[in-house]
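Here is a short briefing on one chain. Look over the sequence and the fold, then read on.

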Amino acid sequence: MPRIPRMLVTDQPAVYHVISRTALQGLPITDTDKEVFLKILKFLASVYFVDILGFCIMGNHFHLLVQTYPQEDMSDEQVIRSFEIYYKDKDRILTKDQIPHFRQKWTNLSEFIKELKQKFTWYYNKTYGRKGYFWSDRFKSVIVEKGYTLINCLAYIDLNPIRAGIVEKPEDYRWSSMGYLARTGNKDGFLSLDFGLKQYEIDDVEERFRMYREYVYEHGCLESPKGASINEETVEKERKKKFKFTTADRLLYKTRYLTEGVFLGSKQFVKEQFQRFKDKLRIKKDRQPHKIAGFENIYSFRQTP
């Protein structure tokens with residue numbers, strides 16, 4: 001039976017819920033692999049003309065809520081900027097007649113997901129010394145209406161680690177949009193907070209996050225036939241706080257990651273330790289220290305980039 005052509009909206013912005021599963025048995029995507037997947041996702045989102053509204057990277061699949069835009073919305077200058085980001089370390093020049101090609105490519109959902117999966121497969125196979133497919137079949141995509149439907153879909157994505165019984169609170173899971181917002185405060189503006197609901201049309205990002213947390217918690221505590229729910233006692237504690245995510249809360253989530261990496265300290269200290277133990281780490285190329293978000297001058301070195 002022939003495949004049904006993928007339904008893509010090309011004449012206006014559109015939101016898609018994308019799901020893709022691995023072809024391997026068990027939970028092959030480790031926490032380290034999730035970090036790499038997130039890094040690839042952030043890089044490609046800076047190149048392609050898309051907005052990432054939500055994500056969740058699980059042990060054997062991932063979810064994305066992504067918004068695309070029509071080709072005609074993207075100027076030549078925007079294409080040139082994306083080209084410069086993508087080919088930053090490569091000696092390549094963009095000619096004028098190539099601009100339409102890249103405009104088409106970087107506004108296409110299928111191209112975006114294909115490259116995301118290909119880059120992760122290349123990393124995974126190289127890291128684990130294997131060959132062949134990593135992902136099962138083609139990805140699934142569902143066109144999502146903005147507003148109430150979008151909020152429900154986003155909450156479903158962020159509640160995946162709860163349903164799987166991995167964590168007690170949605171933001172406790174590092175590799176999801178809730179965890180990312182809690183830990184980084186939306187570092188680099190990676191996530192779009194445009195949920196398409198009138199009540200969310202406010203400039204205060206913290207208030208939008210508070211409202212979204214309330215929605216996720218109130219829905220996450222309801223009994224679900226597809227897995228665990230958020231403990232009622234946990235929800236009640238958040239109700240008393242009116243679901244506000246305070247500076248102290250964010251600092252707590254950030255300090256959890258002070259255990260990241262092999263070395264921890266000032267940028268100069270981490271560089272010195274890297275040079276000292278470079279041979280033991282079996283890393284040939286120099287790598288820059290990773291800044292711990294929320295701290296003035298604390299860096300770490302990770303064994304994986």
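In what order do the three strands of the open sheet that contains S5, S6 and S7 lie? The order is S5-S7-S6, and the pairing is antiparallel. This is a predicted model: local features need pLDDT of at least 70, side-chain atom pairs count only at pLDDT 80 or more, and totals for chains, interfaces and linings use all residues. Residues are numbered from 1 along each chain as its sequence is written, and side-chain values use heavy atoms, with hydrogens and water left out.

**Whole chain**

- The chain has 11 helices and seven strands. Both are DSSP runs numbered from the N terminus: helices are H or I with at least four residues, strands are E with at least two.
- Of the 305 residues in the chain, 47% are buried. Buried means under 20% relative accessible area, exposed means over 50%, and partly exposed lies in between (1.4 Å probe, protein chains only).
- Among contacts with a separation of 6 or more, 67% are between residues 24 or more positions apart. A contact means heavy atoms within 4.5 Å.
- The accessible surface of the chain is about 17100 Å², and carbon and sulfur atoms hold 51% of that. Areas come from the Shrake-Rupley method with a 1.4 Å probe; for residues, only the protein chains shown count as cover.

- Two strands pair if DSSP finds at least two bridges between them.
- S6 and S7 pair antiparallel over two bridges. His-290 has Ser-300 in S7 as its bridge partner.
- Helix H11 lies across S5 and S7, and runs at about 170° to S5. Such angles run from 0 to 180 degrees between N-to-C directions, with axes fitted to C-alpha atoms, for helices over the stretch in contact.
- The buried residues of H11 are Val-270, Gln-273, Phe-274, Lys-278 and Leu-281. They pack against strand S5 (263-265) and strand S7 (299-301).
- An α-helix has 3.6 residues a turn, so residues three or four places apart point the same way.
- H11 bends by about 45° at Gln-275. The bend is the angle between axes fitted to the seven residues ending there and the seven starting there.
- Arg-282 follows H11 and has a positive phi, near 60°.

**The four-stranded sheet**

- A second topic is an open sheet of four strands, in the order S2-S3-S1-S4, with antiparallel pairing. Strand S2 (50-57) and strand S4 (140-144) stand at the edges with a single partner each, so one side of each is left without a neighbour in the sheet.
- From one strand to the next, the twist averages 20°.
- Helix H1 (residues 31-47) packs on this sheet and touches S2 and strand S3 (61-68); its direction makes about 175° with that of S2.
- S2 and S3 pair antiparallel over seven bridges, and a hairpin joins them through three residues. Val-50 stands opposite Thr-68 in S3.
- Strand S1 (residues 14-21) runs antiparallel to S4, with five bridges between them. His-17 stands opposite Val-142 in S4.
- Seven of the eight residues of S2 are buried, so S2 is largely enclosed by the rest of the structure.

**Ser-177**

- Ser-177 lies in helix H7 (residues 177-184). Ser-177 is buried, at 2% relative accessible area.
- Leaving aside neighbours within four places in sequence, Ser-177 contacts Leu-53, Gly-54, Phe-55, Leu-154, Asp-158 and Leu-191.

**The loop between H9 and H10**

- Most residues other than glycine have a negative phi.
- Lys-242 is not a glycine, yet has a positive phi of about 55°. Lys-242 sits in the loop between helix H9 (232-240) and helix H10 (247-255).
- Phe-243 is not a glycine either, and has a positive phi of about 60°. Phe-243 also has its place in the loop between H9 and H10.
- Buried or exposed? Lys-242 counts as exposed at 57% relative accessibility, whereas Phe-243 counts as buried at 3%.
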